[in-house]
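The points are numbered and may be consulted separately.

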Amino acid sequence: QVRVVESGGGLVQPGGSLRLSCTASGTINSIIYMDWYRQAPGKQREMVASSISDGAIKYADAVKGRFTMSKDDAKNTVYLQMNSLKPEDTAVYYCKLHIQLMPAATSHDYWGQGTQVTVSS
């Protein structure tokens, strides 16, 4: 069994920073790919940051230069550091992890439960 839990959302003023965490637990061998998405009220879910096969990370144009995705393999945790936040960043943020399981070495996608980020003065 695998569980993915997000944390770190909240209310922040424009220009502020937040760091979201996404931690996987269970019969995990490794996190192969990681993505962050967000969904604002009345809008479709959109990709914010996505790891690609060569280890690079692709960012949405709207967050490029402000958001950074990283991973701590020892903690099975993926982070999204968000700086210079804007009101238009307000959304529920979701992580998606592609995890290789133990012991069969199969892999599957797992979503976090979502965490609310509100940027407002």
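1. Tyrosine 37 is buried, with a relative accessible area of 19%. Here buried means under 20% relative accessible area, exposed means over 50%, and partly exposed covers what lies in between, with a 1.4 Å probe and protein chains only. Tryptophan 111, at a relative accessible area of 39%, is partly exposed.

2. The model is predicted: local features need pLDDT of at least 70, side-chain atom pairs count only at pLDDT 80 or more, and totals for chains, interfaces and linings use all residues. Residues are numbered from 1 along each chain as its sequence is written, and side-chain values use heavy atoms, with hydrogens and water left out.

3. How many aromatic pairs are there? The count comes to one aromatic pair, under a rule by which rings of Phe, Tyr and Trp (its six-membered ring) pair if their centres lie within 6.5 Å; planes under 30 degrees apart count as stacked, over 60 as edge-to-face and the rest as tilted. The ring centres of tyrosine 37 and tryptophan 111 are 5.2 Å apart and the planes stand at 45°, so this pair is tilted. The pair links distant parts of the chain, since tyrosine 37 belongs to strand E4 (residues 28-39) and tryptophan 111 to strand E10 (residues 107-111), 74 residues apart.

4. As to the overall make-up, the protein chain has 11 strands and zero helices. Helices (H or I, at least four residues) and strands (E, at least two) are DSSP runs, numbered from the N terminus. The radius of gyration of the protein chain is 14 Å, which agrees with the value near 14 Å that a compact globule of 121 residues would have. That radius is taken over C-alpha atoms, and the globule rule is 2.2 Å times the number of residues to the power 0.38. Along its principal axes, the C-alpha trace spans about 50 × 25 × 25 Å.

5. Of the 121 residues of the protein chain, 40% count as buried. The accessible surface comes to about 6500 Å², and carbon and sulfur atoms contribute 48% of it. Such areas come from the Shrake-Rupley method with a 1.4 Å probe; for residues, only the protein chains shown count as cover.

6. Contacts (heavy atoms within 4.5 Å) are to be read with their separation in sequence. Among contacts in the protein chain with a separation of 6 or more, 57% are accounted for by residues 24 or more positions apart.

7. Glutamate 46, in strand E5, is partly exposed at 38% relative accessibility. Its contacts, leaving aside neighbours within four places in sequence, are with Trp36, Tyr37 and Arg38. Glutamate 46 and tryptophan 36 are 10 residues apart in sequence, and their C-alpha atoms are 8.7 Å apart in space. Serine 30 lies in strand E4 and is partly exposed, with a relative accessible area of 26%. With neighbours within four places in sequence again left aside, serine 30 is in contact with His98, Ile99 and Gln100. The C-alpha atoms of serine 30 and aspartate 73 are separated by 7.4 Å, although these residues are 43 positions apart along the chain.

8. Threonine 68 is placed in strand E7 (residues 67-72) and is partly exposed, at a relative accessible area of 42%. Apart from residues up to four places away in sequence, threonine 68 touches Tyr59, Tyr79, Leu80 and Gln81. Threonine 68 and glycine 112 are 44 residues apart along the chain, and 18 Å separates their C-alpha atoms.

9. Backbone geometry in the loops also calls for comment. Which residues does a cis peptide bond join? The bond is between methionine 102 and proline 103, with omega about -10°; proline 103 lies in the loop between strand E9 (91-101) and E10. Asparagine 76 is not a glycine, yet has a positive phi of about 50°; asparagine 76 sits in the loop between E7 and strand E8 (77-82). Serine 84, also not a glycine, has a positive phi of about 50°. Serine 84 is found in the loop between E8 and E9 and is partly exposed, with a relative accessible area of 41%.
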